[in-house]
Amino acid sequence: MTARLEAVTGRYAHLELEGRPHRLYFEEAGEGIPLLCLHTAGSDGRQFRAVLNDPAITRHYRVVAFDMPWHGKSSPPAGWEKEDYRLGTHAYTGLVMTVARELGLARPVVMGCSIGGRIVLNLALEHARALRALVGLQSAAYVERYYESAWLNHAEVHGGQACGGIAYGLTSPLSPEEHRWETVWHYMQGGPGIFTGDLHFYQVDGDLRGRIGAIDTGVCPLYLLTGEYDYSASPRDTEAAAARIRGAKVTVMKGLGHFPMSEHPEAFLGYLRPVLDEIRAATR
Amino acid sequence: MIRDADWAPGSALERLPELVNADEGVVRWGRHMNETFMVEVGDEQYLLTVRAGRIESVAKGPFVMRSWRFAIRAERECWAKFWEKVPAPGWHDLFALLRRGDVAFEGDQRVLMAYLLYVKLVLAAPRRLAP
């Protein structure tokens with residue numbers, strides 16, 4: 001065999017979510033502290049390909065990135081053809097904690113981006129003691145609706161191209177073209193209505209503004225890293241959230257957009273490695 | 001900042017045919033588009049007619065009783081920032097302008113959304129002319 005193989009392995013897990021059986025795809029690499037990665041709305045775990053392939057991280061961390069149900073290579077539950085997909089705060093929180101438990105990730109670090117960066121705030125509120133640390137990428141306590149997401153799931157609009165059009169603009173003009181367009185490709189592959197269903201959590205159900213003041217970073221450290229070119233969860237939105245959370249550590253990532261780990265892996269790793277080193281040193 | 005006197009925001013739109021039509025990487029995203037849409041730069045109006053992904057014509061107003069499928073309206077200063085070679089954060093994408101409240105979309109939103117990626121790439125093309 002002459003092909004260069006990555007150290008990343010992909011497997012399927014069978015588990016129950018909200019009382020229904022699911023077949024869930026996840027990738028992992030490395031050994032050590034569990035680091036569970038949550039992808040953005042309408043995309044999948046491939047966004048974390050560079051984190052999974054970074055020896056400086058996998059030397060100390062067991063990195064796990066799963067595709068949410070209905071996303072990537074995870075199947076929707078049986079009967080999906082009779083229902084609309086719609087993500088809510090309770091189900092999303094349960095999903096993350098169930099995956100961590102069922103995959104045997106003891107007191108993991110959870111890192112999520114966008115909707116993942118939002119749910120990290122809810123995990124800090126509800127499950128701080130079960131988690132080693134939290135890393136929110138592009139975190140905001142709430143983002144008001146500024147466009148009509150129903151157009152992304154419409155018979156006379158190509159969903160893949162429209163979702164790609166949204167994602168393209170959320171990348172930074174300074175990120176490498178190759179990785180910007182790979183990020184767009186993931187969005188173009190989303191199932192019909194899935195991005196829209198995730199945005200229900202992002203723009204409607206998941207308003208955490210009134211609650212985040214109760215987060216105790218003394219129990220579970222919270223790091224918030226936001227790309228400066230993100231206009232959906234902008235640095236200003238992250239800083240507004242952090243202003244209500246005592247001890248939250250904010251980093252604005254120069255030149256990066258809404259998908260830092262996917263659109264500019266190298267620059268993102270430069271920001272992530274010191275955070276993971278700090279978490280490792282503090283929780284040794 | 002745009003300093004070149006020849007590079008007023010509106011005149012950049014008039015050069016879209018040469019910027020877009022030779023770029024297959026942009027044309028392919030609009031290959032099913034056959035529409036006329038309006039772009040307003042302050043009080044200047046431009047009608048862009050697209051045929052199979054190529055900019056067939058750019059007409060400068062003012063217009064009387066002309067039809068268009070959708071319109072994209074923003075102030076002159078807004079477009080100037082949007083068309084900088086490397087636009088600043090928050091000025092780099094049509095939807096970034098939308099969240100700021102600095103751009104308005106009117107008309108048939110369905111058509112705009114169907115060709116969103118193409119329209120974004122077309123309207124970003126003048127950045128290649130920026131000093």
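How are α3(A) and α4(A) turned relative to each other: roughly parallel or roughly perpendicular? Before we look, note that this is a predicted model, where local features need pLDDT of at least 70, side-chain atom pairs count only at pLDDT 80 or more, and totals for chains, interfaces and linings use all residues. Residues are numbered from 1 along each chain as its sequence is written, while chains are lettered from A and ligands numbered from 1 in the order in which they are written.

Now for those two helices. Helix α3 of chain A covers residues 89–102 and helix α4 of chain A covers residues 115–126; they pack at an angle of about 75°, with their axes 10 Å apart. They are therefore roughly perpendicular to each other, a label used for angles of 65 to 115 degrees (under 35 is roughly parallel, over 145 roughly antiparallel, the rest oblique). Axes here are lines fitted to C-alpha atoms, for helices over the stretch in contact, and angles run from 0 to 180 degrees between N-to-C directions. Helices (H or I, at least four residues) and strands (E, at least two) are DSSP runs, numbered from the N terminus.

Who does the touching? On the α3(A) side the contact is made by A:Thr89, A:Tyr92, A:Thr93 and A:Val96, and on the α4(A) side by A:Ile119, A:Asn122, A:Leu123 and A:Glu126. Contact means that the C-beta atoms of two residues, placed from the backbone, lie within 7 Å.

Follow chain A onwards and you reach strand β6, residues 133–137. 5 of its 5 residues are buried, so β6(A) is largely enclosed by the rest of the structure. Buried means that 20 or more other C-beta atoms lie within 10 Å of a residue's own (12 or fewer is exposed, in between is partly exposed), with C-beta atoms placed from the backbone. In a regular strand the side chains alternate between the two faces of the sheet. Here, A:Ala133, A:Val135 and A:Leu137 point one way, and A:Leu134 and A:Gly136 the other.

Strand β5 of chain A (residues 109–113) runs parallel to β6(A), joined by 5 bridges, and A:Val110 has A:Leu134 as its bridge partner. Two strands pair if DSSP finds at least two bridges between them. The chain gets from β5(A) to β6(A) through α4(A), and this β-α-β crossover is right-handed. With β7 of chain A (residues 222–227), β6(A) pairs in the parallel sense over 4 bridges; there, A:Val135 has A:Tyr223 as its bridge partner.

Over in chain B, helix α7 spans residues 116–124. With 8 of its 9 residues buried, α7(B) is largely enclosed by the rest of the structure. Its buried residues pack against α5 (159–170) of chain A, together with α2, α3, α5 and α6 of chain B.

Chain B also has an open sheet of 5 strands in the order β3-β2-β1-β4-β5, with mixed pairing. Its edge strands, β3 and β5, each pair on one side only. Strand β1 (residues 34–41) runs antiparallel to β2 (residues 44–51) over 8 bridges, but β1(B) runs parallel to β4(B), joined by 4 bridges.

Notes
Right-handed = clockwise from strand over helix to strand, strands pointing away.
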